[in-house]
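Thanks for coming, everyone. Let me put the structure on the screen, and then we will walk through it piece by piece.

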Amino acid sequence: MRNLQKRQLLEIMESLHFLHQEMKERLERKEYSVVRTAFSDCQEAAIQVGEAIERMEGEGTEAVSYLEQYCEKVYHLSLQSETTQGKKIFKSLESSLVRAENAIAHMPVRKEVVFMPYKACMWDSLESVYLAAREDEYCDVYCVPIPYYDKREDGSFGELHYEGGAYPKNIEILDYRVYNLEERHPDIIYIHNPYDDWNHVTSVPERYYSKNLRYHTDCLVYIPYFILGEIEPDDLKAINNMKHFCFLPGTIYAHKVIVQSEKMRQIYISEYMNEAKQHGLSADRKMLEEKILGLGSPKIDKIRNTRRENLNIPEEWLNVIEKEDGSWKKIIFYNTSISALLASDEKMLEKMKDVFGTFKKYQDDVALLWRPHPLITSTIKSMRPRLWVEYEKIVEAYRKEGWGIYDESADMDRAVMLSDAYYGDHSSIVHIYKKTGKPIMMQNVDVILKSTK
């Protein structure tokens, strides 16, 4: 039995208490026909509640037994309603109803917990919470990936994407088209997309905006899909660079927000309040302290639980990684980010070609694993369309030559754990990579090696 279902049953039981009181008043006015009808209504309501419980919990429950006793008492007392004993019957009837009501109130409940990711590559921000919930015998847990649209340059919706087939094999996927959110009203919904219609590159359908989801659950939980560098609460420059994350639809409409640390929690609370005031909105610090929790990021859980020896490595990757003697080359994780490309435009494309030229020279000893941000293609088409043709040529040339790995999979953690070092742009991946203790080197778009020109 779900919490919602229990509440609905208890509401029916409460209405019977009111009906008893009305029956008593009618009996005092000797409106016997009305009272007889009310007795019939009481019996019918109790039968419906009992049948509902049996559908959910099976036969033999204490609650149904008390409801059957209540129905018998309703019947017998209805025969006495016109006698001198009639005015004394309601105390007995109320007592019987209370026993049934208490039995329903103490029935164990199951929670329905739904995870609604949109990008499969961001699933690691929810996975450890999903796996823990799935171990709870009183939880019914579902992963319901939702679709998303690319946005055109004018902001209109473009191509629709659905990545339900790209999740790990141990994650049971339920198609969003068969999950009726409005009817099922899950107890908890987890999301990692905070943007609603604030994103210029992608958008989930409006029915899945956080401002709408909150009305179809008792608790909407937002967990960021990214990890930020840890910031001291008095580092104003660093805070200024990330404060836009603190006041988004996901943080506004979610009932709970889970961030990576206690320090980050304090920053989120302060910056949320500052931004809310600028918009003329009220923000209660006590409410935010209960809402925003610094419990850590599931992305770190994923890295800690991933072992290199357990990775599923594609055959075409091994062809790049393995030397002729069977040993492995050094694997460099090359990450190109959206923000760096938007900041540098054509210069970044030249930098990428330079990087590929350099690593191609050393392919006998080093394997380059290039993993561009999963939304970089959509971003270029939407925000830098003039760069698209050249960028597409770079990707096609790299993939066709085959000396390096092109990783467009949903599994970012595989690239982190498989590689020996990181090279590329500053992004949230850097903060994850630091947890591995492996070398990190940031690329400088202004440095072009003359030997590769």
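Start with a pair of strands. β7 and β8 run parallel and are joined over two bridges. Look for Val-221: its opposite number in β8 is Lys-256. One caution before going on: this is a predicted model.

Stay on β7, residues 219-222. Which way do its side chains point? Cys-219 and Val-221 point one way, while Leu-220 and Tyr-222 point the other way. All of them are buried.

Six strands make it up, in the order β2-β1-β5-β7-β8-β9. The sheet is open, and the pairing is parallel. What happens at the edges? β2, residues 139-143, and β9, residues 292-293, each have a single partner strand, so one side of each has no neighbour in the sheet.

Let's go along it, starting from the β9 end. β8 covers residues 256-258 and pairs with β9 in the parallel sense, over two bridges. Ile-258 has Leu-293 of β9 as its bridge partner.

Ile-191 is bridged to Tyr-222 in β7.

Next, β5 to β1. Three bridges join them, and again they run parallel. Val-114 has Ile-189 of β5 as its bridge partner.

Then β1 to β2. This parallel pair has five bridges. Here Glu-112 is partnered with Asp-140 in β2. How does the chain get from β1 to β2? The path goes through α5, and this β-α-β crossover is right-handed.

How covered is β1? Mostly: four of its five residues are buried. Helix α5, residues 127-134, packs on the sheet and touches β1, β2 and β5. The direction of α5 makes about 145° with that of β2.

Within it, look at β10 and β11. β10 spans residues 330-336, β11 spans residues 366-372, and seven bridges join the two in parallel. Lys-330 stands opposite Val-366 in β11.

Now the nonpolar cores. As a general point, nonpolar side chains in soluble globular proteins tend to be buried together. How many residues does the largest core have here? It has 71. Those with the most contacts inside it are Met-116, Met-242, Tyr-268, Met-352, Phe-356 and Trp-370. Helix α10, residues 262-278, gives the most to this core, with seven residues.

Take Phe-356 as one example. Setting aside neighbours within four places in sequence, Phe-356 contacts Tyr-334, Leu-368, Trp-370, Ile-394, Tyr-398 and Trp-403. There is also a second, separate core of 31 residues, which includes Phe-39, Val-49, Val-64 and Met-107.

Ser-203 comes up now. This serine lies in strand β6, residues 202-203. Is Ser-203 buried or exposed? Buried: its relative accessibility is 2%, and the cut-off is under 20%. The Ser-203 side chain makes a polar contact with the side chain of Tyr-209, at 3.0 Å. Beyond four places away in sequence, Ser-203 touches Tyr-148, Tyr-149, Lys-151, Phe-157, Asp-196 and Tyr-209.

Next, backbone angles. His-185 has a positive phi, near 40°, in a residue other than glycine. Where is it? His-185 sits in the loop between α6, residues 181-184, and β5. With a relative accessible area of 16%, His-185 counts as buried.

Last one: Asp-345. Here phi is positive as well, about 50°, although Asp-345 is not a glycine. Asp-345 is in the loop between α14, residues 338-344, and α15, residues 346-361. At 15% relative accessibility, Asp-345 is also buried.

That's the tour. Over to you for discussion.

Notes. Residues numbered from 1 in each chain as written. Predicted model: local features only at pLDDT ≥ 70, side-chain atom pairs only at ≥ 80, totals over all residues. Heavy atoms only, no water. Pairing = 2+ DSSP bridges. Contact = heavy atoms within 4.5 Å. Axes fitted to C-alpha atoms, helices over the stretch in contact; angles between N-to-C directions. Buried < 20%, exposed > 50% of the residue type's maximum accessible area, 1.4 Å probe, protein only. Polar contact = N/O pair within 3.5 Å; in protein donor to acceptor, adjacent residues only side chain to side chain. Core = buried A, V, L, I, M, F, W, Y, C linked by side-chain atoms within 4.5 Å. Right-handed = clockwise from strand over helix to strand, strands pointing away.
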